[in-house]
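Please view the sequence and the structure together while reading.

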Number of protein chains: 2
Amino acid sequence: MDLARSPLALPFPQMPPVSGVTLRVARAQYKDWDRADLTYAELAEGTVVAGVFTRSACPSSEVELGRKNVKLGRARALVVNAGNSNAFTGYRGRQAVEQIMDQVASGLGCAREQVFVSSTGVIGVPLPLDKARAGVAAVLDAVPATWEDAANTIATTDTFAKGAAASAMVDGQRVELCAIVKGSGMIAPDMATMLGYIFTDASITPEFLQQLLASANQQTFSCITVDSDTSTSDTVLAFATGMAGNTQLASFDDAGADAFAAALHDVCRQLAHLVVRDGEGASKFIEIRVSGADSDQSAHKIGLSIANSPLVKTAIAGQDANWGRVVMAVGKAGEPADRDRLSIGFGGIWAARNGQPLADYDEAPVAAHLEGTEITIEVDLNLGDGAATVWTCDLTHGYIDINADYRS
Amino acid sequence: MDLARSPLALPFPQMPPVSGVTLRVARAQYKDWDRADLTYAELAEGTVVAGVFTRSACPSSEVELGRKNVKLGRARALVVNAGNSNAFTGYRGRQAVEQIMDQVASGLGCAREQVFVSSTGVIGVPLPLDKARAGVAAVLDAVPATWEDAANTIATTDTFAKGAAASAMVDGQRVELCAIVKGSGMIAPDMATMLGYIFTDASITPEFLQQLLASANQQTFSCITVDSDTSTSDTVLAFATGMAGNTQLASFDDAGADAFAAALHDVCRQLAHLVVRDGEGASKFIEIRVSGADSDQSAHKIGLSIANSPLVKTAIAGQDANWGRVVMAVGKAGEPADRDRLSIGFGGIWAARNGQPLADYDEAPVAAHLEGTEITIEVDLNLGDGAATVWTCDLTHGYIDINADYRS
């Protein structure tokens, strides 16, 4: 099945090298295809790592081992397999991950716990040990690759390569952050998987990096949804090689910590938006801004209730300013709301205020807004100070085409 | 927009009269259409009532008043308006409901709290007072109508009339239960509304009727989902006229209470299934059986997570035995699950057991099952004794056609 490039795609950005990071790609032939499908990042000694993982109760072995090893805080290598998610494969799946960790660790002379592995693709088929072994051997010998090569190689059903970059001045030193992500499509019998990797040359303690990544994740990756479904393999890892030469960041008291945190947040936000822009069948990028809620957490839940509502998503696809469906989605969120205080708008124009349609509501500018590809929905609960922003895409025939009409 | 009759539709059943219940319909012309749109049921003196309502935090005035008055336990009349949901209309909406209650109460010589009103249709437009007044006047004078007339008159975007009947022997007396329901379509700018009404001639206390209805609701209406969206107006009311002459039922200690409870449950299950069978764009009726969960409640949540998953629903539409998507939906439910104990099947045939695909899995009979219109998905968590069954329909291009392509 050939997927057309998303109409919301962005061009791959300019991305500088990051000291201490070397990328390589190879062909493990996990599927019968004519492309690289094994990505490898070699990381300088002393690289620290942080990670956030899927909350699925049925995660892959890659996630189980990564969650455990990230607590040790050190990384020397990342391996990403595309074409086979190795999920729901029992002990044989775990064996494959451990083989890759051992093979890379032995080549680099590091502990196996410093090798991180991700896999994405078909489920229920153990990663073939022989292909993984030959692929890893090939990638260790491969010539260095570009960020775009790596972004293409971790992709499966993505329709465009996704990368983001930022920089920050920390303690008089410029530090770089470069990141790639994959995620979008879940073609039978594949599963949705969002994999994101952030590389920086900043010097930072693993504890502080974990704190900053967890915080950025809460406001970026945790605020996007394509279809409410959660992958068994979702993973975001941040690697810091420390080669920029800044005094090590350990807390917000350190000079430049704010700037670094902002740059990390910026990169995560860019990656999160790119995943939504490659949402299956997406024709519109939707930002949902909730304010006046009982708390920020309540606003977040209301935002996701709207973003996950098939009725709201189809209304936007149909360019219909259907605020009634937004009311419905607010009401079902299970959070404090008062019908007679609720206001709803599109593109900055209120359609209903305080529980009633506006008498002088002019639909023309709202209709013009909904004809575009960048849509905003504003919701004011008028109860408190809680606010949140979430992002999603519309629900179109393209989603059904991809997920129902295609047979495995 | 003309909607084709659902391929899952069932013929309207034979339904006997229920002593003490008189149905009438009239044309209030809430919309510019050539059909009756106001349904009225007159109930004998002494009729008791029980009800369950939407959990939406933004309910309509009809729901707010109904929820309050049902606690008094007595009913003399039901009025259902079709074509205007009167939701999100502030104090003017409430005014319209109170006008209808007063007008009927004054005609019947009863308390206004004994008149129950529901409305379904477009939102954000207060129910016009003049049309409501003329409609109620007409319906009070109308000739008696049939169950099918009433089922057609409460409908909005339903593609077929929905009714169910059962009977039970209570204390040597035969009691009848007849019920109608509407729900399915939510055409912009309408909202999903499920309205169900059960009428019986049994004699029963309002407290016991409420207990039985709440219990039946938990295992029937609360176990169906079309697209995870919750209406602001969902209402199920049960009316018992007491004219069958049985000794009044007050608890399960009374003779025939079990039989009556079973008949009530049966009617609710029939109505719930009919709503799913008229799900927007539905081409398959899906029963999801969850067992081996930590608790019944946990099984119920896992079942709904599967039933609400767009990826599972599109897989069934595509006749694809994609158990990986079922694993994903189990994992995201937020309930106890162990990947390596999980078993998943279709149509009674296991595709994966204990976390791994079956070596001798024969897809042919599963494929044949999925070509039908009555689909079962079995999930065994293998953790405890918790079990639940939920029902849904598949997600097809028809859903997008109805909800996105149609413009208000």
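How many cavities of 30 Å³ or more does a search of the whole structure find? The search finds six. The model is predicted, so local features need pLDDT of at least 70 and side-chain atom pairs count only at pLDDT 80 or more, while totals for chains, interfaces and linings use all residues. Residues are numbered from 1 along each chain as its sequence is written, chains are lettered from A and ligands numbered from 1 in the order in which they are written, and side-chain values use heavy atoms, with hydrogens and water left out.

**Cavities**

- A cavity is a set of points, on a 1 Å grid over the protein atoms alone, where a 1.4 Å probe fits but cannot get out; lining residues have an atom within 4 Å of a point.
- The largest cavity has a volume of about 110 Å³, a volume being the space filled by probe spheres set on the grid points, which are joined across faces, edges and corners.
- Its lining consists of 18 residues, of which B:Glu62, B:Val63, B:Gly66, B:Val117 and B:Ser118 are the closest to its centre.
- In chain B, helix H1 (61-70), helix H2 (90-108), strand S5 (115-122) and strand S10 (235-240) each supply at least two residues of this lining; helices (H or I, at least four residues) and strands (E, at least two) are DSSP runs numbered from the N terminus.
- By class, the lining has ten nonpolar, seven polar and one charged residue. Here Ala, Val, Leu, Ile, Met, Phe, Trp, Tyr, Cys and Pro count as nonpolar, Asp, Glu, Lys and Arg as charged, and the others, Gly among them, as polar.

**Helix packing in chain B**

- The axes of H1(B) and H2(B) cross at roughly 50° and come within 9 Å; axes are lines fitted to C-alpha atoms, for helices over the stretch in contact, and angles run from 0 to 180 degrees between N-to-C directions.
- These two helices are therefore oblique to each other, since angles under 35 degrees count as roughly parallel, over 145 as roughly antiparallel, 65 to 115 as roughly perpendicular and the rest as oblique.
- Contact (heavy atoms within 4.5 Å) involves B:Glu62 and B:Leu65 among the residues of H1(B), and B:Arg94 and B:Val97 among those of H2(B).
- The residues of this contact comprise three nonpolar, four polar and four charged.

**Helix packing in chain A**

- Helix H5 (residues 206-219) and helix H6 (residues 257-277) of chain A pack at an angle of about 45°, and their axes lie 9 Å apart.
- H5(A) and H6(A) are therefore oblique to each other.
- Residues including A:Phe208 and A:Leu212 in H5(A) meet residues including A:Phe260 and A:Leu264 in H6(A).
- That contact of H5(A) with H6(A) has ten nonpolar, two polar and no charged residues.
- Helix H7 (residues 296-307) and helix H9 (residues 323-331) of chain A pack at about 130°, with axes 8 Å apart, which makes H7(A) oblique to H9(A).
- A:Ile302, A:Ser305 and A:Ile306 of H7(A) make the contact with A:Val326, A:Ala329 and A:Val330 of H9(A).

**The surroundings of B:His369**

- B:His369 lies in helix H10 (residues 363-371) of chain B.
- Not counting residues up to four places away in sequence, B:His369 touches B:Phe346, B:Gly347, B:Glu374, B:Ile375 and B:Thr376.

Key
On a 1 Å grid over the protein atoms alone, a cavity is a set of points where a 1.4 Å probe fits but cannot get out, and a pocket is an open set with protein on both sides within 12 Å along at least five of seven lines; lining residues have an atom within 4 Å of a point.
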